[in-house]
Amino acid sequence: MNITMQKVHGSENDFFLLDETQLERSFTDEEIENLRTYLCDRETGLLNGADGLLLVERVVKGESLAKMRVINSDGSEASMCGNGLRTVARYLAEKYNKTSFTVETMFADLKVRQAPNLAAQVATYQVEISPVRFEAEAIPMHTKNNTIIDEVIPELSSELRFSVVAVPNPHLIAFVDHKTLMGTEFERIATYVNGENPIFPDGVNVSFVEIVGKNELFVRTFERGVGFTSACGTAMCASSLMYVLLNNGEFNETITVKNTGGMVKTVVHEDDSDGYWMELIGNATITHLISGTLTDFTKGHFEKAMIKETTEQADYIEFLASIK
């Protein structure tokens with residue numbers, strides 16, 4: 001079976017995007033596992049590997065254009081991915097010639113739309129990040145209290161204060177100074193909570209956040225199932241939410257969030273009926289167009305693949321240079 005895919009990224013959080021609805025049949029679980037194993041490996045994978053796979057599937061229910069599944073590079077499945085959703089939004093917008101629609105994800109149908117470009121030739125999309133939950137069962141986590149908001153967790157640190165929120169991916173967030181942001185304590189804590197530990201049985205995404213100025217953050221993230229990543233869209237939204245709630249931020253104002261892979265904008269909303277939800281605005285970049293046989297890709301035989309590099313990464317690099 002011949003297949004095509006795109007190598008894409010949002011803030012350099014990179015993926016292989018595959019549209020199963022265009023195939024004669026959907027992938028089997030074994031084929032997905034083999035694709036993930038061979039494509040995404042950072043040392044031996046195709047085009048230096050990736051953080052995961054984005055699978056476009058037919059909707060299970062509702063009126064969304066398609067369903068998005070996110071398979072992390074370690075084989076786990078994420079409930080959502082904000083950076084990935086932007087690239088899927090672009091793919092579907094161009095496929096169906098639409099500028100605004102919804103995409104089905106594991107827990108919700110999320111609104112997406114084309115947005116004004118962040119810079120010349122940098123395709124930009126705006127996506128909804130929700131639902132938001134704080135209670136222990138949504139994370140999950142084992143603690144005395146049902147929520148953790150701006151608290152010391154003695155098992156992790158005697159000094160840092162953490163908040164835990166699911167958006168819907170679970171996030172452990174601490175506001176820190178720049179030295180701590182780049183220090184070794186970050187990796188120690190992130191590795192601990194994503195290994196065998198008594199608090200987070202399924203692991204958790206960890207973000208250290210530096211407040212650079214009013215409505216300006218720098219977020220560094222250790223992503224569950226991936227490790228340190230250039231950016232994590234849901235982490236940047238969760239961090240923006242906690243900034244508004246804990247650091248005198250304002251609802252409905254645009255927040256600039258920088259990360260290792262670039263910059264996005266977020267807006268935190270408060271809804272009387274649904275609680276909180278966020279908008280994530282950032283690039284949706286296609287770096288390569290790829291085609292070949294499913295058999296070759298699932299066995300790591302990339303020499304026969306047809307690969308066309310786009311010019312979009314050069315445009316994105318120029319954008320990065322402009323914001324530093």
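Gly203 sits in the loop between helix H4 (184–193) and strand S12 (205–213); helices (H or I, at least four residues) and strands (E, at least two) are DSSP runs, numbered from the N terminus. This is a predicted model, where local features need pLDDT of at least 70 and side-chain atom pairs count only at pLDDT 80 or more, while totals for chains, interfaces and linings use all residues. Residues are numbered from 1 along each chain as its sequence is written, and side-chain values use heavy atoms, with hydrogens and water left out.

**Two buried spots**

- Gly203 counts as buried at 5% relative accessibility; buried means under 20% relative accessible area, exposed over 50%, and partly exposed in between (1.4 Å probe, protein chains only).
- Setting aside neighbours within four places in sequence, Gly203 is in contact with Pro170, Val193, Asn194 and Arg224, where contact means heavy atoms within 4.5 Å.
- Gly203 and Met141 are 62 residues apart in sequence, with their C-alpha atoms 8.9 Å apart in space.
- Ser240, found in helix H5, is buried with a relative accessible area of 0%.
- Again leaving aside neighbours within four places in sequence, Ser240 is in contact with Leu217, Ile255, Val257, Thr266 and Val268.

**Helix H7**

- H7 covers residues 312–323, 12 residues in total, and reaches 17 Å from first C-alpha to last, close to the 16 Å expected at 1.5 Å a residue; that expected span is 1.5 Å times one less than the number of residues.
- Its buried residues are Glu312, Gln313, Tyr316, Phe319 and Leu320. They cover an arc of only 110° around the axis, which puts them on the same side of H7; the arc is that of the directions from the helix axis to the C-beta atoms.
- An α-helix has 3.6 residues a turn, so residues three or four places apart point the same way.
- On the other side of H7, you'll find Ala314, Glu318, Ala321 and Ser322 exposed.
- The buried residues of H7 pack against strand S1 (2–10), helix H2 (82–96), and strands S16 (262–271), S17 (275–283) and S18 (285–293).

**Helix H2**

- H2 has 15 residues and reaches 21 Å from its first C-alpha to its last, close to the 21 Å expected at 1.5 Å a residue.
- This helix is mostly covered, with 12 of its 15 residues buried, among them Gly82, Arg86, Arg90 and Tyr91.

**Salt bridges**

- The count comes to 16 salt bridges, each being a side-chain nitrogen of Lys or Arg within 4 Å of a carboxyl oxygen of Asp or Glu.
- Arg42 forms one with Asp14, the closest N and O atoms being 2.7 Å apart. Arg42 lies in the loop between helix H1 (29–40) and strand S3 (52–57) and Asp14 in strand S2 (13–19), so the pair ties together parts 28 residues apart in sequence.
- Arg42 is partly exposed, with a relative accessible area of 43%, whereas Asp14 counts as buried at 11% relative accessibility.
- Arg42 also meets Asp51 in a salt bridge (2.9 Å, N to O), and Asp51 is buried at 6% relative accessibility.
- Glu57 and Arg69 meet in a salt bridge too (3.2 Å, N to O). That pair links distant parts of the chain, with Glu57 in strand S3 and Arg69 in strand S4 (67–72), 12 residues apart.
- Salt bridges that share partners join Lys7, Asp14, Arg42 and Asp51 into one network.
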